[in-house]
Amino acid sequence: MDLVLNILLGVAVAATPLVFASIGELITERSGVLNLGVEGMMVMGAIAAFAATLASGSYVVGIVAGAAAGAAMGALFGLLTLSLMSNQVATGLALTLFGLGLSALIGQQFAGASLPQFPRVNIPVLTAIPFIGPLIFGQDALVYLSIALVLGVGWFLTKTRAGLILRATGENHDAAHAIGYPVIGIRYLAVTFGGACAGLGGAYLSLVQTPLWVERMTAGRGWIALALVVFASWKPLRVLGGAYLFGGITILQLHSQALGLKIDAQILSMLPYLATIVVLVVISRDATRMKLNAPSCLGKVFYATS
Amino acid sequence: MSDAPILQLKNITKTYPGVIANENVSFSIARGEIHALLGENGAGKSTLVKMIYGVVKPDGGEMLFNGEPYAPAKPFEARAKGVGMVFQHFSLFEALSVRDNIALGLSAAEAKKGDLKKRIVEVSTTYGLKVDPDRLVGTLSVGERQRVEIVRCLLTEPKLLIMDEPTSVLTPQEVKVLFETLRRLASEGVSILYISHKLDEIRTLCSRATVLRGGKVVGSCDPRQETARGLAEMMIGQTLSTPTRETGEPGEIRLKVQELFMESDEQFGVDLENITFAVRAGEILGIAGVAGNGQTELMEALIGERRSRHARHIQIDGIDIGHEGPRQRRARGMCFAPEERLGHAAVPGMSLWENAILCSGPGADFARGGFVRHRAATRYADKVVADLNVKTASVRSAARSLSGGNLQKFIMGREILQQPKVLIASQPTWGVDAGAAAAIHRVLLDLAKSGAAVLIISQDLDELFTISTRISVIAGGYLFPSQPTEELTVEKLGLAMGGRVKEIASAKEATHV
């Protein structure tokens, strides 16, 4: 029973950074911008959050610093691709390399430092309920924040006028411009928000998952987050499901020996990626649906023709 | 006050680097008037309209709306004042519903006012513009999309409605409905600024016209009192010599299509049914029909993008080519200009001379042994630009930088100057102004005279009557037998285009058997 509980608690911990990063990228992509620099923004969030928490002793300061670092990276991406019209794919890749390098440089002085265990929520009575208590009422605060964020983004996109305008911008930027919406401004907000979310995801890694700084500690999670957005066909709730599926498979792989699974760890660690490919192929078979779901202007440079 | 014009322009000037788009443009639009804005491609109509709609700011001059100074900085401000616009390339979002699309075109306050869905239904039924608020725009036909745009404008209760080339994508029936709506709006006091190339439409619809040439107003008139020819001459500033068809003896059969069946691979495509026809040397065969009746599929089959089942279905000079692809067909002296200019007939991001290479056949071979013959290609592109009077900075300009009409001239020139044996062109003068259309028609006629077989697929009946030796109608994927142009009338064609003759024909066949 304890093992199962541990595994289930572990799933949330493994999934949450992915939830943060991919919900941010979802907003970015819905506005029509493809930012491949999620990995770089995450790792900058991780180092900023770690350093700030260590210096201030406050997790809140650390979390805000992580989000701010990610947002700054996102805004930098916006400056390069939206104002200076550079290629989004190349710039995104560069942003990842830049983030990995810069975080390693900053992180040199933090090697070997560690933070105490991140506190879990403890609600009297409720958390004490066996099994269900810790699972539903005993996670850390950021897990709840990430779920709230997904629900909030879902509500924003479908129910609010601002969300409609954001979708419209990603769908057809020329039309949005012709009607009179500030395409570039909207996209700046979207990439900055996406960066902040990726930063939060990174902060979760260095504050909660492994409360210490390790160079390149994001270990490809930014790329998984990118795949998750397509996997979820740009729908927020599916991002949540996808992230937990990935988290589950990751944890399964960690506990495979304890569970007595006779599958090689390498094969298990391939599973999330295999699953992605299979799902992407299945989704893409229905070309019309795919076309409706994917933002039509994704990755296209917008030139304001006045 | 109510006699004051709704919109008055005084000495409006706008310059772009190197180009004067508008210079001292002054005119006014009265209340309830349908006012035409005429001009060739690049005469400055679009820029002028964008300034009225607040997309672009004028460099000089002033505008008065309802007698008050008017200088919208954004389209929202223009809409708030009562200016609505229906765009040439619709400003719609395919993945969104009709209702969302309409909401996006309204200000936040307007979109919230009352039940939007109900208001959409109300306005659309009042004006006979049927739209379903819950449908995705991506599933609508072109005509339905335009209705969405118009309904969107009407919801803001505009005093001035700007329509940029609204009929270029509509069927004749849809045009008729649109005109009724516009007349009704005008009778209710809404002014309409109407931009179109189609001079006959302007003559039936508009009560006043302002003509632009080279960014300046060169005249205004009552189009109802003018001939289409007179209007065209005002636009181009010189006498228009309409090409005339000479009737000569047709030669040998060059292009022959027999019993061609082809199923469409598009979800909403049209299957080709037993297409049979022949075009002789020196002939121009016109294929008329309402868009979406198999023209696209016929074009694909003729130019080899889709192969026919048996090679014998399509022949050039007696040789079976039904199995050959576009390049092989080009090598046999067939040239073609598909309807879609950017992306199909030309690569948008490539320069004109590079686009000239792409179609190289025997008449224009610019890639020998795998190497590009840069100088020869440039020379050829230069010749096309000079012969067809294409307005471009140089042949190194990207294809997408040219206006639609100019690119169309380039593409037609590129194909025709190769002296093909068979030329197939779809909508050769779509979006091209009267002067340029006459130029294209002239080269087509010259080509036919020199012994080529020409096939023109067009929705413009005037065009077909001007240049075709024979005309046939395509309806529902079936091609009617062609008839000499002299024996045809618009009415006869119209009946066939409605698809009804097919039933009559099959009924006749049945009785004959």
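## Strand pairing in chain B

In this predicted model, Thr210(B) has Ser220(B) of S10(B) as its bridge partner. The two strands involved, S9 (residues 208–213) and S10 of chain B, run antiparallel to each other and are joined over five bridges. In general, strands of a sheet pair through backbone hydrogen bonds, in either a parallel or an antiparallel arrangement.

## The six-stranded sheet

S9(B) and S10(B) belong to an open sheet of six strands in chain B, whose order is S6-S7-S8-S3-S9-S10 and whose pairing is mixed. Strand S6 (83–86) and strand S10 (216–221) of chain B form the edges, each pairing on one side only. From one strand to the next, the twist averages 20 degrees.

Helix H1 (residues 45–52) of chain B packs on this sheet. The helix touches strand S3 (34–39), S6, strand S7 (160–164), strand S8 (191–195) and S9 of chain B, and its direction makes about 150 degrees with that of S7(B).

## Domains of chain B

Chain B is divided into domain 1, covering 7–236, and domain 2, covering 253–341 + 420–512. The C-alpha centres of these two domains of chain B are 34 Å apart.

Contact between the domains involves nine residues of domain 1 of chain B and eight residues of domain 2 of chain B. On the domain 1 side, helix H9 (residues 228–236) of chain B gives the most, with three residues. By class, that side of domain 1 of chain B comprises four nonpolar, four polar and one charged residues.

## Contact between the chains

Chain B contributes 19 residues to its contact with chain A, and chain A contributes 14 residues. On the chain B side, helix H2 (75–81), helix H3 (98–104) and helix H4 (108–112) each supply at least two residues. The largest share comes from H3(B), with three residues. The chain B side divides by class into 13 nonpolar, three polar and three charged residues.

## Helix H11 of chain A

Helix H11 (residues 236–254) of chain A has 19 residues. From its first C-alpha to its last, H11(A) reaches 27 Å, close to the 27 Å expected at 1.5 Å a residue.

Which residues of H11(A) are buried? They are Pro236(A), Val239(A), Leu240(A), Gly242(A), Ala243(A), Leu245(A), Phe246(A), Gly247(A), Thr250(A), Ile251(A), Leu252(A) and Gln253(A). The elements covering these buried residues of H11(A) include helix H1 (2–30), helix H6 (141–159), helix H10 (221–231) and helix H12 (265–285) of chain A.

How values were computed. Residues are numbered from 1 along each chain as its sequence is written. Chains are lettered from A and ligands numbered from 1 in the order in which they are written. This is a predicted model: local features need pLDDT of at least 70, side-chain atom pairs count only at pLDDT 80 or more; totals for chains, interfaces and linings use all residues. Domain bounds come from an automatic or database domain assignment. Two residues are in contact if their C-beta atoms, placed from the backbone, lie within 7 Å. Helices (H or I, at least four residues) and strands (E, at least two) are DSSP runs, numbered from the N terminus. Ala, Val, Leu, Ile, Met, Phe, Trp, Tyr, Cys and Pro count as nonpolar, Asp, Glu, Lys and Arg as charged, and the others, Gly among them, as polar. The expected span of a helix is 1.5 Å times one less than its number of residues. A residue is buried if 20 or more other C-beta atoms lie within 10 Å of its own, exposed if 12 or fewer, and partly exposed in between; C-beta atoms are placed from the backbone. Two strands pair if DSSP finds at least two bridges between them. Axes are lines fitted to C-alpha atoms, for helices over the stretch in contact, and angles run from 0 to 180 degrees between N-to-C directions.
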